[in-house]
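Please find below my notes on the structure under review.

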Amino acid sequence: MIDIEQLGNILGVSTLAGSLIAQVPQILQILQSKNVTGLSFNGFSIEIFSLTIQVLYFIAQEYKFLAYADIAVLLVQDYLIVLLIMLYGTGLSFKEYGHVVAYIASVTSVIFGTVTKEMIVLVMQGVVFLNIISKITFVSSILATKDTSSMSPAGWVIFVYSNAVRIFVGYAILGDMTIVMQHAVNFTFNLIITLLILKYKDQVKA
């Protein structure tokens, strides 16, 4: 009989497996088309900051690596997508370059121990709001262009599944409502984004 922790580990492995390919279709699509229309640099930038805080939070709380391995993998893939947006996009504004510099400075401060565990836990409370801002940016970008030809629905479906798993693990195994709230928000918005991608892809094909 599988107990709840073993079930959590199985689900954790499944989300890790999904994360390994989550953004691969998106990355390959960009490389093939050299088109980043509908992809929001600001949205991905906020998401990168959010994922970074999440990874640091799991480390600070001394959770098992399997509990956040998929987030770390998604973070690396988001780095690559942002680089591709910078390469194939219309160019970044001075403000957007400022965001890049601010992120690098923040990560550097963590590496050198300037940021404490308590500060990371505190910042994690605000990640829910960052996620909302990030997802609203994605939704706004899609609605503005009505073009999702550069976006891969497969990766977003994986995100929806991963969020559902993290809601279960956060509540039933870790007992961490911060994680539950964060992924409940992500689940809702990722589902909306997936539906919008499918809607406007059909329109483009039509």
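1. One aromatic cluster is made up of Tyr 57, Phe 58, Tyr 63, Phe 65 and Tyr 68. The model is a predicted one, and the values discussed here are computed from its atoms. In total, the count of aromatic pairs comes to eight.

2. Tyr 68, in contrast, has a relative accessible area of 11% and is buried.

3. The backbone at Glu 62 should be noted. Most residues other than glycine have a negative phi. Glu 62 has a positive phi of about 60° although it is not a glycine. Glu 62 is placed in the loop between α3 (41-60) and α4 (69-88), and with a relative accessible area of 70% this residue is exposed.

4. Lys 146 is a further case of positive phi in a residue other than glycine, with a value near 50°. Lys 146 sits in the loop between α7 (127-145) and α8 (153-174). Its relative accessible area of 46% makes Lys 146 partly exposed.

5. As to secondary structure, the chain contains nine helices and zero strands. The order of elements from the N terminus is accordingly α-α-α-α-α-α-α-α-α.

6. Which radius of gyration does the chain have, and what would a compact globule have? The chain has 17 Å, which agrees with the value near 17 Å for a compact globule of 206 residues. The C-alpha trace spans about 50 × 45 × 25 Å along its principal axes. Among contacts with a separation of 6 or more, 85% are between residues 24 or more positions apart.

7. Finally, some remarks on burial, surface and charge. Of the 206 residues, 45% count as buried. The chain exposes about 10500 Å², of which carbon and sulfur atoms supply 72%. There are 10 positive and 11 negative side chains, and the centres of these two sets are 11 Å apart.

Notes:
Residues numbered from 1 in each chain as written. Predicted model: local features only at pLDDT ≥ 70, side-chain atom pairs only at ≥ 80, totals over all residues. Heavy atoms only, no water. Helix = DSSP H or I, 4+ residues; strand = E, 2+ residues; numbered from the N terminus. Rg over C-alpha atoms; globule rule 2.2 N^0.38 Å. Buried < 20%, exposed > 50% of the residue type's maximum accessible area, 1.4 Å probe, protein only. Contact = heavy atoms within 4.5 Å. Areas by Shrake-Rupley, 256 points an atom, 1.4 Å probe, with all protein chains shown as cover. Lys, Arg positive; Asp, Glu negative; His and termini not counted. Charge placed at Lys NZ, Arg CZ, Asp CG, Glu CD. Phe/Tyr/Trp six-rings, centres within 6.5 Å; stacked < 30°, edge-to-face > 60°.
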